[in-house]
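Welcome! Take a moment to look over the sequence and the 3D view below, and then we can walk through some parts together.

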Amino acid sequence: MNPLYLIIPLAPLLGAVLAGFFGKIIGRTGAHTVTILGVLTSFVCSVMVFKDVMAGHTFNGTVYTWLQSGGLNMQVGFLVDQLTAVMMIVVTFVSLMVHIYTIGYMAEDPGYQRFFSYISLFTFSMLMLVMSNNFVQLFFGWEAVGLVSYLLIGFWYTRPTAIYANLKAFLVNRVGDFGFLLGIGLIAAYAGSLDYATVFGKSKELATLTEVVTGWPVITAICIGLFIGAMGKSAQFPLHVWLPDSMEGPTPISALIHAATMVTAGIFMVSRMSPLFELSDTARSFVIVIGAITALFMALIAIVQTDIKRVVAYSTLSQLGYMTTALGASAYSVAIFHLMTHAFFKAVLFLGAGSVIIAMHHEQDMRRMGGLRKYMPITFITMLIGALANAGLPPFAGFFSKDSIIEAVHLAQMPGAGFAYLAILAGVFVGGFYSFRLIFFTFYGEERFRHAGGHQGDHGDHGHGHHAEPHESPWVVTVPLILLAIPAICAGWLIEPMLFDGYFGNAIFISHEHHGLAEMAEEFHGVIPMMLHALTTLPFWLALSGAVTAWFLYIVRPDLPAVIKQKFSFFANILERKYGFDEFNDWFFAGGSRLLGRGLWKGGDQALIDGIAVNGSARMVDWIAGVVRLFQTGHIYTYAFLMIFGVAIFLLPFLFHGAW
């Protein structure tokens, strides 16, 4: 085994241990030095492994056997192939940029060393997930990223909103993980193994079996169970509610969670499980419909958000919906391609939003910004690049991957594909609109910060307005922005080798019946011809129309949004309330839990345990003692009477024996 395979996940783990346990000894500089060196080492090794994989050297083997139970082996093992290599580079590069950025963003935070320890541990967890070659290690990485995300979302644990947000993320992900565990349990039961290669080898056999209890085809039950896990981790409707609230965490972790790590775990997992999903049309129809609903309806919420981080958060939800739709259309490589491009331009948008928040003294409300482009030129240009890529306009990275998803769904022949195609087309217009609404609201127009009456920011601090001139962020913030903006421009130009030259090889399996990618390959004639052809296609004009609409409403006629909101207040209210999911969850789940808890408290604890078991037994003893006390008079005649009465009771059976 190549020793680099061990170094890649263990280097960030070592940095996390040093910063976490010895943070006070090594200090702030030591904490960020060891963690950045760890992730840098991991990134360099990932690039070396990528080159090795491109040369045809893949690996699938066991590193350590944890336990054996009957014929079931639970192991730590690595599967390093084309899919793993892409994920390792994306995760380590974005994580490295976030680590560097954190030096500037968290400079004044008292939990500096703890934060670096957490994000380095998060990187280790994600690497273990993507490098796994079995379901046990996959589940370990899956739960580890969930645990560390809980710690990071609630990093400022003195804020009630942060505690609520991390608890919400934890509970919603447990719902998804219940389905995930059921899927893994069915695999263990019917395949008799938790090793990917063994399970995939038995996939056709699994497709012929029927689940005993429900009567479902086993392969469909497995795939839907696994995808429910992906719905929680990748925040798909209706398990999406945790992700916007995760903005309560510091901005660097918002970028890491939402760009390249936790939320993409579900997309990666379904792609890795392509040999199973390809055998269930029912499961893939479920996937494509859920993805389409998420892509459109989460994008609509983004157009009414005023918190700069929440706009980007709902954008992430929508983009994850696009990836999921591609998975349902059997375009797994396209989904991974969009995962890669999205990681870069979404990290730019999140870190750019953090740069703005720093300049605005931790103000996050875009209504108190405006006109910032002349004060923050680097942040403005990089965020503009991110917005162009997010909107899907050529020649930026998002155009190539998003256009490929739309085409793949258009070519898909399956139930739900027609609805999905219309939904993601509509989402293109909305995406163009909210992307440029953010840019125009923040960087153009009136300098509203000059008369802002207060602010509520990342650190939960309150003020009475601030009049200091905004200024560009320090180099530790702007350099990661620039380095991430470069692939946000050109990563999409890798479309030909990634999608049409068989890069993924055997890492992704597509049934010969699903020939959408093959048709796309026949129509593809190069990057420049694709961009030129896009000028005549509907998605391009929809994205451009969305951008132009945002320009008209927020630059030409900034008075119109308020008028439109008033005239369509019913729909605006629905979007502002996020379709009522939070209210429903608070009423049904939280309220139901409170009602159940009150019932258990009153009926179980007070009435049954305290009332009967504890106090009731005491009262019974007291009553018996009171009765016995009546006969303890101290008089001889009382005791004689009791003795005679006792003897009579004893003799009664003998007296009536003859009569019976």
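Leaving aside its neighbours within four places in sequence, which residues is threonine 379 in contact with? They are Gly352, Ser355, Val356, Phe443, Glu472 and Leu481, where contact means heavy atoms within 4.5 Å. Before going on, please note that this is a predicted model, in which local features need pLDDT of at least 70, side-chain atom pairs count only at pLDDT 80 or more, and totals for chains, interfaces and linings use all residues. Residues are numbered from 1 along each chain as its sequence is written, and side-chain values use heavy atoms, with hydrogens and water left out.

**Threonine 379**

Threonine 379 belongs to helix H17, residues 377–391. Helices (H or I, at least four residues) and strands (E, at least two) are DSSP runs, numbered from the N terminus. Threonine 379 counts as buried because its relative accessibility is 0%; buried means under 20% relative accessible area, exposed over 50%, and partly exposed in between (1.4 Å probe, protein chains only). Its side chain joins that of serine 355 through a polar contact of 2.8 Å. A polar contact is a pair of N or O atoms within 3.5 Å; within protein, one must be able to donate a hydrogen and the other to accept it, and residues adjacent in sequence count only if both atoms are side-chain atoms.

**The chain as a whole**

The protein chain has 28 helices and two strands. Of its 660 residues, 57% are buried. The C-alpha trace spans about 115 × 65 × 60 Å along its principal axes.

**Helices side by side**

Two helix pairs are set out here, with axes being lines fitted to C-alpha atoms, for helices over the stretch in contact, and angles running from 0 to 180 degrees between N-to-C directions.

| Helix pair | Angle | Axes apart |
|---|---|---|
| H4 (residues 112–131) and H11 (residues 251–260) | about 5° | 11 Å |
| H3 (residues 82–105) and H16 (residues 332–359) | about 5° | 10 Å |

On the H4 side the contact involves Phe115, Ile119, Phe122, Thr123 and Met126, and on the H11 side Pro252, Ile253, Leu256, Ile257 and Ala260. H3 and H16 are likewise roughly parallel. Among the residues that meet there are Leu83 and Phe93 in H3, and Ile336 and Ser355 in H16.

**Aromatic rings**

How many aromatic pairs does the structure hold? There are 30. Rings of Phe, Tyr and Trp (its six-membered ring) pair if their centres lie within 6.5 Å; planes under 30 degrees apart count as stacked, over 60 as edge-to-face and the rest as tilted. One of the pairs is phenylalanine 155 with tryptophan 156, edge-to-face at 6.2 Å centre to centre and 65° between the planes. Phenylalanine 155 is buried at 1% relative accessibility, and tryptophan 156 is buried at 9%. Ring pairs also link Phe380, Phe436, Phe440, Phe443 and Tyr444 into a cluster.

Phenylalanine 155 has a charge over its ring too: the charged end of arginine 114 sits 4.0 Å from the ring centre. That wording applies if NZ of Lys or CZ of Arg is within 6 Å of the ring centre and within 35 degrees of the ring normal. Arginine 174 lies over the face of phenylalanine 170, 4.5 Å from the ring centre.

Note on methods: Angles under 35 degrees count as roughly parallel, over 145 as roughly antiparallel, 65 to 115 as roughly perpendicular and the rest as oblique.
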